[in-house]
Every structure is written in C-alpha cells, then in structure tokens.
Amino acid sequence: MTPRRLALVAGLVVVSTGLAGCSLVDDLGGQSARPSVSVSPQSPPAGTQGLDRFYAQQLEWSECSGAECAQLTVPVDYAHPEGSTIEISVLRVPAKKSSQRLGSLVVNPGGPGGSGVDYARAADFIVGPGVRDHYDVVGFDPRGVGRSAPIDCLSDAQLDTFLGSDPTPDDPAEERTFAQGSADFAASCAKNAGLLLPHVSTEDAARDMDVLRAALGEQKLTYLGKSYGTFLGATYADLFPTNVGRFVLDGVVAPDLTSEEINLGQAKGFELATRSWAKYCVTEGDCPLGDSVDSVMTNLRGFLADVDATPLPKTGDGSVPKLTEGWASLGIAAAMYDQGAWRTLVDAMRDAVQGDGTALMQLADQYADRNPNGGYAGNIMEVIYAVNCLDKPESDSVPEHEALADAAAKQAPTWGRYLAWSSLVCGYWPVKPTGTPHEVTAEGAPPIVVIGTTRDPATPYEWSVRLHDQLAKASLISFNGDGHTAYTRSNSCVDDAVDAWYLKGTLPKDGLRC
C-alpha cells in the first residue's frame, strides 16, 4: 500500500467528489465557537488505563465554511498516555433533519493518508440522501495526515524527483539507483518527520477513533470505511468489538495480507482494470494504441518503455519539465479508479503518443494530490509510507524484490514489476514495524457489512471475500463492476442495501449480488 499502490485510495475518491482542500487553521481563525453538544463523559474501555482524561473530553465545535470543526486531543503514545499529546482535526456536517437525527457516521476515504476532513465535507456526495438527512457525517484527519500533526519527509522538489524516478529498474545499475532513492526517502523521514514517526500505525489511528467516538457522545461507532479505511475499520472492530455499531467496509484491504500479497494482488487488479479500459478504448473507436485489447496492452507497455528511455515534453508547470515513466504510470493508474476518467485517459494517450505529455501529467497530478502549478495540496504521498511501514514488515533485499518483480510480471505484464518494487522503501524504514499480518475476527461485534467490486484495481474483489470469511459475523455485497469501491458510485442495488443498514438496521442478505 505504498503511494505507487494505494495513494489514490483517498486521492481519487476525494477528487471524484469535486472536493477542494481547506485549511482548518484558516477556517477556525476569527470564528465564534458554537455551543458544544452536551455529552456525558465516558469511561475508557477495559485495557486502556490512564486514558480517562481523553475519553472524558468534550469537543468544542466552531463554524468552518458551512461545516463544524473541532480538535480532539490524543496521546502521542498510547503506552504512555501521561506523555506528549497531539491534536486531531475533526469536521462535522450536521444531519439535515436534526430533529430525526440517528447519530454520528464517522467516515474514512482511504490512503493511508486520505483526509477524512475533506471527505466529510463532501457529505452530500459520499452517502445516500436518507443517510445524509439523519446522520451527522464526521471525518477526521488521522494522526500524521493533513491537519493532524502532519508527517513531512521531503521538500516538494524532492518529492517530485522521487515520484518521477524510474519505477521499473531493469539492470543492476538502475536497481542500485532505485534502492538508493528508497533508502534516501526513509532517511529523510527519520530526519524530518519528528517524534510522531513511530506512532502513526493503523492501530494508533483506530485507538484515536475510539476516543473520537466517546467525544461524540456515541456508545457505539457507526462507520463507513473505503479502501484502506476498511483496514482501519477492521482493526478498530478487533480492538473494540463491543463498541462496533453499524459498520460498512467497502473495497477491502484485509489485515492478514502480506506485503508480497498486496503487491501481486494489486498488480493483477490493475492489469484487469487496464484491460477493461483497453476494451473501452477500442469500442469507442479511433483508439490511439491499437484496434484490439491485446494490441492496446502491448502498445501501452511499449509506450512506457519508450518514455523510460526518452521522457516526453510537457507544457505548464516547469518544476516537472518532462513526463517520465514514473509520472506516466501514475497518470495511467489514476484513470483506473473510476471509469468516468476513461475518456480522459484515451485523449491523454492520444496526445502522449504524438509527443505531448501534458494531459497525462495532469492525471498524475490528481493521483499525487499535486497542484497544477507545482507543490502538493496534502501529504498523502509521504504519510502513506509512514503508516504502511509500521503496519507490515518488508525486506530490504534488492535480489528478493527483483525475483518478485520477475514473478509478478508473468501474471501482470503491465503492472507487475512496477508494484513489486514499490514497497522497497519500507525495507529501509528507520522505525521497526509494530504490526504484522494477522486475521481479524472481531469476535463479539455485531455483523459487519463488507462490499467488494469485481474489477476493482486497487482492492481486488478477493480481498473482500477474504475478510468476510474471517469475520465472526459479516454480510458480503458483491458488485459486478469497474472502478474502486461501490457505495454511492454507480449502483442503486448497493446504495439501497447500505442505506437500509444505516437507517433501519436491516442487514443486507449475505451474498447479495449487484
């Protein structure tokens, strides 16, 4: 789940809703505070000694651009809650029908590194109308992300260089260069990220989420997690099963997946999604890469090899003067997350094969949460490593990654090498991982709704089935479709089932197919 894998988990889910980033520092400045919702102080769950002051806090909401914002105080280190603290930024969009309010729905768009604040601000687009009427939609920037003590490893120029570097080394010299770039990234995080770096794991964020539940005055957490947000949600459910309310996990990253399984699974997922795009390109007519799916895929790989050898010129932002293979791959990947972007990719590829990389770079900018004139709107491309490298161990062996790349390329010729190399940074990470792949049962929790999309590029359908089968109680919805995640994207069958769960507590029939 490195940036070359799951960055779009949040990035494009947010972009597709038409969101623009906002600064809570600016939003809160000069605003008069609204009265806090009166809630009864809650006691921390068993096994969380020393956390009483955090669980007893009440959020002080202030108006911020049509929503309400607050700061949640949490300990840096849950093992030492008497130590330093940080502030977690929270945004709430109140229920439209406040007199018929059912509670708070906490949302996470993915990443790791996606802004839940920005995601909740798009409440009208990310949940069904009935849910919007009856729930406060609440999002938070997880620790290390966006407005919540953000991790910052590289300057913008350094991040440009890192993302634009050759992602598919194919000789010993290129492998050494790739390894050095990965090691340099890790070293920069050690130098610049600060004392929070060892404490941004998914488990840390899940513990923050339970403190948020208490501060919201909720006995049970109602939750929508997409992509990496399913990993966060499953982790929460395993830690706090008796605090689980109505949960929906859409586009699953199963916590027992190893780094190697994630790399290969996503490579195959992107391969399948790219073939679907290739079919669309051919069917639409005048496809710039060929007149059959196989020829489009072959020519796409040839294009990437050509750009690797000779980057394309582009206009606009001069901080990235040319489109490299790294940037081109990000641009192509961007369009795989939503079939609504397929036409844009066809047009961008037409320009690119004619020698102009501008349009493809624009797609890459969306992927990276990068401003068109340079600079980054958020820190997802850095914090995604900080979280993943704590969650799962990774090898620093270059020969091992080379062997994995060779094997992956046989199953996913377009994406296998790219994704097999992508996790090497974690092999050099300056902080030892605190997590290991493990099954999640959430024994003691009520049923959890799990959704999988059959041609999802970033979270293959099989992963949703995998988590469903592990959970003690779960209901699986299968969506036969393209793109990343399903709820509120394109299918009324999925939407109606999820809305009924949130609004009426009607559990979708296990095995529902949409």
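Helices (H or I, at least four residues) and strands (E, at least two residues) are DSSP runs, numbered from the N terminus. The views show a predicted model, in which local features need pLDDT of at least 70 and side-chain atom pairs count only at pLDDT 80 or more, whereas totals for chains, interfaces and linings use all residues. Residues are numbered from 1 along each chain as its sequence is written, and side-chain values use heavy atoms, with hydrogens and water left out.

**View 1. Helix H15 and the residue that follows it.** Helix H15 spans residues 358-368 and is mostly covered, since 9 of its 11 residues are buried (buried means under 20% relative accessible area, exposed over 50%, and partly exposed in between, with a 1.4 Å probe and protein chains only). The buried residues of H15 are Thr358, Ala359, Leu360, Met361, Leu363, Ala364, Asp365, Tyr367 and Ala368. Asp369 comes after H15 and sits in the loop that leads from H15 to helix H16 (380-391). Although Asp369 is not a glycine, its phi is positive, at about 55 degrees. The relative accessible area of Asp369 is 31%, which places the residue in the partly exposed class.

View 2. Most residues other than glycine have a negative phi, and most peptide bonds are trans. Thr485, a residue other than glycine, has a positive phi near 70 degrees and belongs to the loop between strand S11 (474-482) and helix H21 (492-504). With a relative accessible area of 1%, Thr485 is buried. The peptide bond that runs from Gly111 to Pro112 is cis, with omega near -5 degrees; Pro112 is located in the loop between S4 and helix H4 (116-121).

View 3. A pair of aromatic rings is described by the distance of the centres and the angle of the planes. The whole structure contains 14 aromatic pairs, where rings of Phe, Tyr and Trp (its six-membered ring) pair if their centres lie within 6.5 Å, and planes under 30 degrees apart count as stacked, over 60 degrees as edge-to-face and the rest as tilted. One of these pairs joins Tyr223 to Phe247, with 5.2 Å from centre to centre and 40 degrees between the planes, and is tilted.

**View 4. An aromatic cluster of four residues, namely Phe162, Phe185, Tyr385 and Trp429.** What do the rings of Phe162, Phe185, Tyr385 and Trp429 form? They make up one aromatic cluster.

View 5. The structure has 26 salt bridges, each a side-chain nitrogen of Lys or Arg within 4 Å of a carboxyl oxygen of Asp or Glu. In the bridge between Asp133 and Lys97, the closest N and O atoms are 3.9 Å apart. Asp133 lies in helix H6 (residues 129-134) and Lys97 in the loop between strand S3 (85-93) and strand S4 (103-108), so this bridge ties together parts that are 36 residues apart in sequence. Asp133 counts as buried at 17% relative accessibility, while Lys97 counts as partly exposed at 38%. A salt bridge also joins Asp136 to Arg101, with 2.6 Å between the closest N and O atoms. Asp136 is found in strand S5 (residues 135-140) and Arg101 in the loop between S3 and S4, so that distant parts of the chain, 35 residues apart, are linked. Asp136, at 6% relative accessibility, is buried, whereas Arg101, at 37%, is partly exposed.

View 6. Which residues are linked with Asp347 and Arg350 in a network of salt bridges? Glu284, Asp286 and Arg343 are linked with them in that network. The side chains of Arg350 and Asp347 meet in a salt bridge with an N to O distance of 3.4 Å. Arg350 and Asp347 are 3 residues apart in helix H14 (residues 342-353), which means that about one helical turn separates them. Arg350 is buried, with 18% relative accessible area, and Asp347 is partly exposed at 34%.
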